[in-house]
Amino acid sequence: MAVFTKNGSVALIRIQNPPMNALKHAVRAAITDNIKKANEDPSVRSIVLHGDGRVFSAGADIKEFQSGKNLGEPGLIKVIHTIENSSKPVVAAIHGVAFGGGLELALGSHYRLIDSKARVAFPEVNIGILPAATGSQRLPRVTDLASAVEMCTTGMPVSAKKALEKGIVDKVIYGDILSEAISFAKTVESKPVGPRRVSTLKVKGKEISSAVFDGAIGPLLNVKALEAAVNSDSYEEGLEKEASLVQALFFSGQSRALQYAFFSERKLPKWETPGGSVNYKNTTPMALKEAAVIGGGTMGSGIAACFISSGIPVKLVEVNQEYLDKTLSGIRKIVQRNVEKGRLSQEKAGQQLSLLRGTLDYNELRNVDIVIEAVFENMDLKKKIFRRLDQTCKPSAILASNTSGLDIDQMASVTSRPEKVVGTHFFSPAHVMKLLENIRGKWTSPETMATVMELGKKLQKISVLVGNCPHFVGNRMLGPYVREASYLLEEGALPHEVDQVLEDFGFAMGAFKVGDLAGNDVGYKGRKDFGFITREGQEDRFRQGYRYCPIADFLVERGRLGQKSGKGWYNYGKPGGRVPQPDPEVEKLIIESSEKAGFKRRRISPQEILERCLYSLINEGFKTLEENIASRQEDIDMIWLYGYGWPRHTGGPMYYAKNFVGLDKIYERLLYYQALNPDVKHWEPSNLLASEGLKGRMSISRL
Ligand code: NAI
C-alpha cells in the first residue's frame, strides 16, 4: 500500500495501489504510518513521497464513497495534516498524474517536483463534488484565484509547465523524477519547514473570476469553497466551510447522478448482448488496416475525417468528380481548422491528409477491411450499394451502414456475407460528436460486433452496441419526444415555450432548435418516402390510425428548412444564421393549424411540457430494454448523454426516471396521458416499466 525505503538520509515513501494509486483506506493508513516512522528515525532527515507504476496518484477511491465502506480514519485530511506537520521536509515527486486527492497530498507536502510530462487537476467537479480534503483551501494559497476557479470549476488538467507558471509546483524535472527528488530533498534538509506549510500561506488575490455555471450546482459550490478560502479568517475556518459544502453536494442527487455517469461510461467498453452471451471477453476483433466510406455528404466527410485522425487510411467514394472534389476540400478544411485551433501540428495534418484518397471507382475497394456506407437514407439505394460492395470487396471485409434508422437485416439480405453486415450510426457532425451507436443485425457475427466496438475505441468514440429495430435506440426514443413537442404546439404552446422548458431542464437546445440545426427537411424526406406527408389544406391528421401533427411538413413545404435556409421553427435572419428569433409567421401557421384540427388552444404548464416530452421518451427507452434492443440501462443513458445532450447531472433518462422521478410516478402519468390520448401510441406503457420484474434489471444502477 505504501513502501518505506531509505536512500542515505532520505526516506522514500512509495504509494502502491495499482493502476492509479487511488487513496483507499489502507493506502492512507500506510502513508500516515510511514510519515511517523520517518519522523521517529534519527537517520532520516528528509522524505520523498512518490507513486509506484504509472502515476503519483489519481486521487480518492470513488468506490469507497459509494459503498460507504472504509471511510474511517485516517481520512485524507488527516493524512495531509500529518504530512504537513512533519518536522522533516516532505518532497512530493509527481509523475503521470496528481489528480484530486493526489494533488491534495502534494499540496500537503512542503515541496512539489513534477515530471515534465505529468499533469495535475482537481476533477472533482466532474462527479459533482469539490476538492474537499483541504484542496479548495490550499490551491488559492499557491496560485492566483482565477486559476484556482478555473481548475475547480472545469476539472481540466494542467500541464507540468503550466503548473510551474501558476505556482502549484516548485520545479519541473526533465530527467529521472525519483533520483532528482532524492537529490533535491538532500538540499532542503537543513531548511525550516514552517514557511513551506501551505496552510500558513495567505490566499492570493481577492477577485473571483466569473465561473462557468451550467445548471449543475457542482461548479457553483466549487466557487463557494474558494470564496471561503478568501473570506475566512483562518485556514481552519475555511476547512469547516469546505466540509459543509461538500456534504451538501454529497447528498445532492446531482453528485450521485454524475458518479453514475462516470461509472456507466467506464462500463461501456465491457459491452455485451442482452443476457451477456456475446461480450467483450469472448470475442476477438478483426484488424482494421484500411477503410472506405461511400458517400461524402454531411456524414461521410465527417466519418472519413475520424478515420484519418486516428491514423487509419480511408478511401472515399462519390458519384462524380465535382462532388468528390467538394467533399475532399471539406475534409481538408476540418483538418486545417484543427491546425488553426492549435490542436494539431501542420506536420501531423499533412500526415493525416496523406491517408485520405478520393475515388469514383469501386474497384479500388478490393482490399479494404471495412466499408461504411453513408449515402442518402433510401433502402433501394442502400441495397444497390451493398450488392455492389459484396461483389467488389474481399470476403473478410465488414460492410457497415451509417443509416439513422433503416433495417440492417434488409441490407444484409442482399449480400453473401450477412454475418459481416452491421450498423455504425455516427452522429452529426461525425468528427465532433462522441457517440457511435453500433447496430447488430440478426446475422451479425460476434467478431463483427467486436470489430465495430473496437473501431469506436480507435476513433475515440463512446460506443454502444444495440439491436436492430426501426431507428435503433437513440432515434427511436427521440421519436415520441419530438412528436409530443409538436402535439404541444397544436394544443396551445409555441416553439420557444417548449424549448425554454427543455433548456431549463438542462438540454443545451430545445427540440425545435435542434430540428432547425439538423434541417427539418431530413425528417421530411424520410416521411415522404413512406407517403406520410400532409400538405397545407389537407386535413389528414392520422397515420395508421394514430395522431399525426403535420406542422413540420408545412414548414418544409414553405422552404423553412432551418438554420441553413435562415428560417425554420425560428427566424435566423439569413441563411446560415445562428441566432433564433420567434417568428410571427410560424406562430400564425401553428394557431391556424390547430384551429383547423379542432383544438381549443390553452395555456400549457411547464410541468406538463416536461412530463410529456420526457416521460414518453423514457417509456420508449424501457421498451428497448424489454425487447432486448438495448442491453443495459447504462447503454441507453450514455447514448442520451453523448448523442443528444441530455444533462449529465441527471444521469440520463433511465437514471433520471428511477432516481429523480420514481418509476411508480412515471407509470401513473403514462396511464393518465394514455387515457387522455388513446390515439397516441407512445403512451402505451412498457411492460418492463410497469412490472415488478423491472426492479431486478434496474438494480445494476443502484448507487
Ligand atoms: P447527404 O445527403 O449529406 O450525403 C449523401 C452523399 O451520398 C451525397 O454526397 C451523395 O452524392 C452521395 N451518394 C449518393 N449516392 C451515392 C452512390 N451511389 N455512391 C457514392 N456516393 C453516393 O446525407 P447525410 O446527411 O450525410 O446522410 C448519409 C446517411 O447518414 C443517411 O443514411 C442518413 O440517414 C445518415 N445519418 C445522417 C445524419 C445527419 O444528421 N445528417 C446523422 C446520422 C446518420
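Lys-382 places a side-chain N or O atom 2.7 Å from an oxygen atom of the ligand. The protein covers 81% of the 830 Å² of accessible area that the ligand has on its own. Accessible areas come from the Shrake-Rupley method with a 1.4 Å probe; for residues, only the protein chains shown count as cover.

The model is predicted, so local features need pLDDT of at least 70 and side-chain atom pairs count only at pLDDT 80 or more, while totals for chains, interfaces and linings use all residues. Residues are numbered from 1 along each chain as its sequence is written, and side-chain values use heavy atoms, with hydrogens and water left out.

There are 24 residues around the ligand; a residue is near a molecule or strand if one of its heavy atoms lies within 4 Å of it. Met-299, Glu-318, Glu-377, Lys-382 and Ser-404 come nearest. By class, the shell has 12 nonpolar, nine polar and three charged residues. Here Ala, Val, Leu, Ile, Met, Phe, Trp, Tyr, Cys and Pro count as nonpolar, Asp, Glu, Lys and Arg as charged, and the others, Gly among them, as polar. H15 gives the largest share of the shell, three residues. Helices (H or I, at least four residues) and strands (E, at least two) are DSSP runs, numbered from the N terminus.

UniProt, in an unreviewed entry, places the feature "domain: 3-hydroxyacyl-CoA dehydrogenase NAD binding" at residues 291-468. UniProt positions follow the numbering used here, feature names are shortened, and annotations may be inferred rather than shown by experiment. The span is 41% helix and 21% strand. Its end C-alpha atoms lie 23 Å apart.

Glu-585 lies in helix H23 (residues 584-596). Its relative accessible area is 36%, so Glu-585 is partly exposed (buried means under 20%, exposed over 50%, partly exposed in between; 1.4 Å probe, protein chains only). Beyond its neighbours within four places in sequence, Glu-585 is in contact (heavy atoms within 4.5 Å) with Arg-558, Arg-560 and Lys-567. The side chains of Glu-585 and Arg-560 form a polar contact of 3.2 Å. A polar contact is a pair of N or O atoms within 3.5 Å; within protein, one must be able to donate a hydrogen and the other to accept it, and residues adjacent in sequence count only if both atoms are side-chain atoms.

In helix H26 (residues 653-661), the buried residues are Pro-653, Met-654, Tyr-655, Tyr-656 and Ala-657. Gly-662 follows H26, with a positive phi near 105°.
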